[in-house]
Amino acid sequence: MHDLLEKYFSRGQIVELMYLSKSGEISKRRVKVIKIQGDSFQAYCFKRNAKRTFLINNLLAIVPVIHKERDVF
C-alpha cells in the first residue's frame, strides 16, 4: 500500500481510499496527499474540508480519481 501511496503522491493525484479508523469504523475518503512520514501521511480530506493525518497500515484500498472528458453534442 505504501508504494501505491508514493506513486499517487509523486503524480499529485487525488485518490479515493477506504480507511479503518482507530475506533474500528470503515470510511471512504477522497484526499490529496500532502506529505508521507514514516508510518503515516498527511492529506487534504475533501469530506472534512481539512488537513488530516492517516496511518498507512489502516489503509484498506486506494485508487486514483480519474476525470474523463465528456463528449458534448
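A nonpolar core here is a set of buried Ala, Val, Leu, Ile, Met, Phe, Trp, Tyr and Cys residues joined through side-chain atoms within 4.5 Å, where buried means under 20% relative accessible area, exposed over 50% and partly exposed in between (1.4 Å probe, protein chains only). The model is predicted, so to speak from the record up: local features need pLDDT of at least 70, side-chain atom pairs count only at pLDDT 80 or more, and totals for chains, interfaces and linings use all residues. Residues are numbered from 1 along each chain as its sequence is written, and side-chain values use heavy atoms, with hydrogens and water left out.

**View 1. The largest nonpolar core.** This core has 15 residues, and Leu5, Leu17, Val31 and Phe41 have the most contacts inside it. At least two of its residues come from each of α1 (2-11), β1 (14-20), β2 (26-37), β3 and β5 (59-64); helices (H or I, at least four residues) and strands (E, at least two) are DSSP runs, numbered from the N terminus. Leaving aside residues up to four places away in sequence, valine 31 touches Gln13, Ile14, Val15, Leu17, Ala43, Tyr44, Cys45, Phe46 and Phe54, contact being heavy atoms within 4.5 Å.

View 2. Strands count as paired if DSSP finds at least two bridges between them. Look at methionine 18: its bridge partner in β2 is lysine 28, and in β5 it is alanine 61. The β1–β2 hairpin has five residues between the strands, and there glycine 24 takes a positive phi near 90°.

**View 3. Aromatic pairs.** Rings of Phe, Tyr and Trp (its six-membered ring) pair if their centres lie within 6.5 Å; planes under 30 degrees apart are stacked, over 60 edge-to-face and the rest tilted. That rule gives three aromatic pairs. Phenylalanine 41 and phenylalanine 54 are stacked, 5.3 Å centre to centre with 20° between the planes. Since the former sits in strand β3 and the latter in strand β4, the pair ties together parts 13 residues apart in sequence. Both are buried, phenylalanine 41 at 1% and phenylalanine 54 at 3% relative accessibility. Tyrosine 44 and phenylalanine 46 go edge-to-face instead, at 5.1 Å and 80°.

**View 4. Asparagine 49 in its loop.** Asparagine 49 is in the loop between β3 (40-45) and β4 (50-55). Its phi is positive, about 55°, although it isn't a glycine. Most residues other than glycine have a negative phi. Asparagine 49 is exposed, at 54% relative accessible area.
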